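Could you look through this model with me before we discuss it?

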Amino acid sequence: AKAGAAAAPPTLAERRAGYAALMRLARYDRTGPAGEPVDCAALSAPAALRLYRPADVAATRRAPAILFMGGGGFVAGDEASHEPVCRALAAESGAAVFSLLYRRAPEHPFPAAFDDAAITLDALPALAAERGFDAARLAVAGESVGATLALAALAASTTRPRALALVCPVLDLPGSRPSRVAMARGRLVEADMIARDLADFAPRAEDRDDPRLRPLTAALRAPPAAIVHVAAEDPFRDEGVEGAAALEAAGAATSLALHAGMLHGFHAYGALVPVARAFMARLGAEIAEALA
C-alpha cells in the first residue's frame, strides 16, 4: 500500500468481531445467572429472546420484568455480547430481563428490527405472566440503537410499561447534532462507522426519514417514567439530552444524568472503567424504584 493511503473500511465480519471484543470488557461485581432461551412461538416473529432471572431466586416469583434491547448499530451484537449487561441488570434491579435478539442488518434491513421490537413488547405481559413474573410491573430498556427500538416499540405497541430506561441513547441515527460534528473522530464511535451502519440498516434513502428510525421527530404518546443516562464524550450526546427533554415535555417524569468524561457505551466496559461496574448498580436501583 502507498504511504499515507487510507485504510480500507472494516468488513461486516470485522465490525462484528470488533464489537464482540469490546463487549468482552464487561465485568461486574454482582451478576445473576446466565440467560436461558425463551420459547418464541407465540411471538409469530423470527426474533429470539433470552431470559435472565434475578440473582435472588427467592425473589423471582412475582418479580417485575424488563424488555432489554441492546446496541451494535443494528448490525453487530448478539447473545454473548449482551449477556454481561443483562445479567448485571437482572441482579441489580431484582427484575427478570428478557433480552431481545432482534434480526440484524444487512441480512435483515429496515424495518425488521423494529417489527421484532414491537411484536415482542406486545407479547411482554403474556411472556411475563406465564413465567410467574408480575405483568403489571414492566419496563423497557435500550442501550445505543436499542433506545431507538425502545421508543419506536412504545409508539407502536398497546403495552404500557411503567418505566423506560435509555443508556447512551441513539435517537436520530440519520440526523446530525453539534456533538456529532465535534466528535466525528477519536471517540470510539466515529462518523464513518455510523454512516456504514446506517447504509447497511437502511440502504433505501427514503427509509431514513421514517419516524421509527428518528423517534425524536415523532410525537411521543404518553411515555412512561423515563431514566436517561448520557455519556458526555459521546457523539450521540446531544440527541440523548434532547430525548430526555422531549420525554419530559410529553409528560413523563424524567431523570437525566450526564456522565462526565465517559464514552459511548461506557456502562459495558467494566474491566476498563471502574465506574461502569458501579453504574449498573445505580441503573438497577433506579429501575427497581420506578417499578416499586
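The points below go from the sheet to the core, and then to the cavity and the pockets.

1. Please keep in mind that this is a predicted model, in which local features need pLDDT of at least 70 and side-chain atom pairs count only at pLDDT 80 or more, while totals for chains, interfaces and linings use all residues. Residues are numbered from 1 along each chain as its sequence is written, and side-chain values use heavy atoms, with hydrogens and water left out.

2. Eight strands form an open sheet in the order 1-2-4-3-5-6-7-8, and their pairing is mixed. Strand 1 (36–37) and strand 8 (254–263) stand at the edges with a single partner strand each, so one side of each has no neighbour in the sheet. Here helices (H or I, at least four residues) and strands (E, at least two) are DSSP runs, numbered from the N terminus, and two strands pair if DSSP finds at least two bridges between them. As background, strands of a sheet pair through backbone hydrogen bonds, either parallel or antiparallel.

3. Strand 4 (residues 96–101) shows both kinds of pairing. Strand 2 (residues 48–52) is joined to strand 4 by five bridges and runs antiparallel to it, with Leu51 opposite Phe98. Strand 3 (residues 65–69) is also joined to strand 4 by five bridges, but these two run parallel, and Ala65 stands opposite Ala96. Five of the six residues of strand 4 are buried, so this strand is largely enclosed by the rest of the structure; buried means under 20% relative accessible area, exposed over 50%, and partly exposed in between (1.4 Å probe, protein chains only).

4. Strands 5 and 6 run parallel and are joined by five bridges; Ala141 has Ala165 as its bridge partner in strand 6, and Gly142 stands opposite Leu166. Which residues of strand 6 point one way, and which the other way? Ala163, Ala165 and Val167 point one way, Leu164 and Leu166 point the other way, and all are buried. In a regular strand the side chains alternate between the two faces of the sheet.

5. Leaving aside neighbours within four places in sequence, Leu164 is in contact (heavy atoms within 4.5 Å) with residues including Val140, Leu151, Ile227 and Leu247.

6. The model has one cavity of 30 Å³ or more, and the volume of this largest cavity is about 70 Å³. A cavity is a set of points on a 1 Å grid over the protein atoms alone where a 1.4 Å probe fits but cannot get out; lining residues have an atom within 4 Å of a point. Among the residues lining the largest cavity are Phe68, Ala141, Gly142, Ala165, Leu166 and Leu283. Helix 2 (79–93), strand 5 (138–143), strand 6 (163–167) and helix 8 (274–291) each give two or more residues to this lining.

7. The largest pocket holds about 410 Å³ of space. Of its 27 lining residues, Arg15, Tyr19, Val189, Met193 and His264 are the closest to its centre. A pocket is an open set of grid points with protein on both sides within 12 Å along at least five of seven lines; points are joined across faces, edges and corners, and a volume is the space filled by probe spheres set on them. The largest share of the lining, six residues, comes from helix 1.

8. His264 is found in the loop between strand 8 and helix 8, and His264 is buried, with a relative accessible area of 7%. His82 has its place in helix 2 and counts as buried at 3% relative accessibility. Not counting residues up to four places away in sequence, His82 touches Tyr19, Phe68 and Glu143, among others.
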